[in-house]
Amino acid sequence: MPKRADVKRILTQLDTDPERYDEIIDMTGGGADPRWIAVTLPEHRQQLAALLECERTATEIFQMAPLLIPGPLQTTRYIRAIMTAGGVPADEVETRIAVRIGRRELLTRSTAPRITYIIGEAALRQLVGSADAMVEQLGHILEMSKLDNVDIRVMPFDRSWHPGLDGSFLLIDSDEVSSVVFLETRSSGIFLHNKDDIDNYRVAADTVLNLALNGASSRKLISQICKELEATR
């Protein structure tokens, strides 16, 4: 990692914008830490850029999503419902939607990674937006499950405790950078790249994968929930 004094000299020589100057100086303070926590809006933006880069270079991705549909699987109507109900400022909604839509490319690009999504039954039944929007969303998941590189499994309600109940987590492996785990809450995000943390989440991933329904049973349950929603329209 560069020394902070050296970074200051370079930024001063480049006549860097004051706001950008402060952001970069802040980044020099914890780059070597095993955990990268973001709590401010600039930090969240930096983390999003880092997440997109991790996904770009990924060879394998595993996500446990107990309560919401994973981002790259979300339809536009589902995303908009989340943004609107979540209180995102009106002038940022369209930009955030565009960024999330852009993440779908992860699933179908020519160098697409192997992706496993474990989706909680609660995420499939939670009415985000209208019944029509959820029918569309579930149908999209079924379509994406047909991709050779995408494995979508459902964690049904009838399972006992499992690590997914602690919250969503994203495990990314790459040939270009070290493996990382990404965790996100409403107000903060955290990257973990310490080996012990990675190993811990690999065990969690194996545990939830073994408890989840297989692919065929998952598609059957998603189709059933979709039919139930269609009957309410």
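Accessible areas here come from the Shrake-Rupley method with a 1.4 Å probe, and for residues only the protein chains shown count as cover. By that method, the accessible surface of the protein comes to about 12,800 Å², with 53% of it belonging to carbon and sulfur atoms. The model is a predicted one, where local features need pLDDT of at least 70 and side-chain atom pairs count only at pLDDT 80 or more, while totals for chains, interfaces and linings use all residues. Residues are numbered from 1 along each chain as its sequence is written, and side-chain values use heavy atoms, leaving out hydrogens and water.

As for overall layout, the C-alpha trace spans about 65 × 40 × 35 Å along its principal axes. Of the 233 residues, 43% count as buried (under 20% relative accessible area; exposed is over 50%, and partly exposed in between, with a 1.4 Å probe and protein chains only).

Now for the rings. A search of the whole structure turns up three aromatic pairs (rings of Phe, Tyr and Trp, the last by its six-membered ring, with centres within 6.5 Å; planes under 30 degrees apart are stacked, over 60 edge-to-face, the rest tilted). Phe 62 and Phe 169 form a stacked pair, because their ring centres lie 6.0 Å apart and their planes meet at 25°. This pair ties together distant parts of the chain, 107 residues apart: Phe 62 sits in strand 2 (residues 58–65) and Phe 169 in strand 5 (residues 169–174). Strands (E, at least two residues) are DSSP runs, numbered from the N terminus. Phe 62 is buried at 9% relative accessible area, and Phe 169 is buried too, at 1%. Ring pairs also bring in Tyr 201, linking Phe 62, Phe 169 and Tyr 201 into a cluster.

Note on methods. Helix = DSSP H or I, 4+ residues; strand = E, 2+ residues; numbered from the N terminus.
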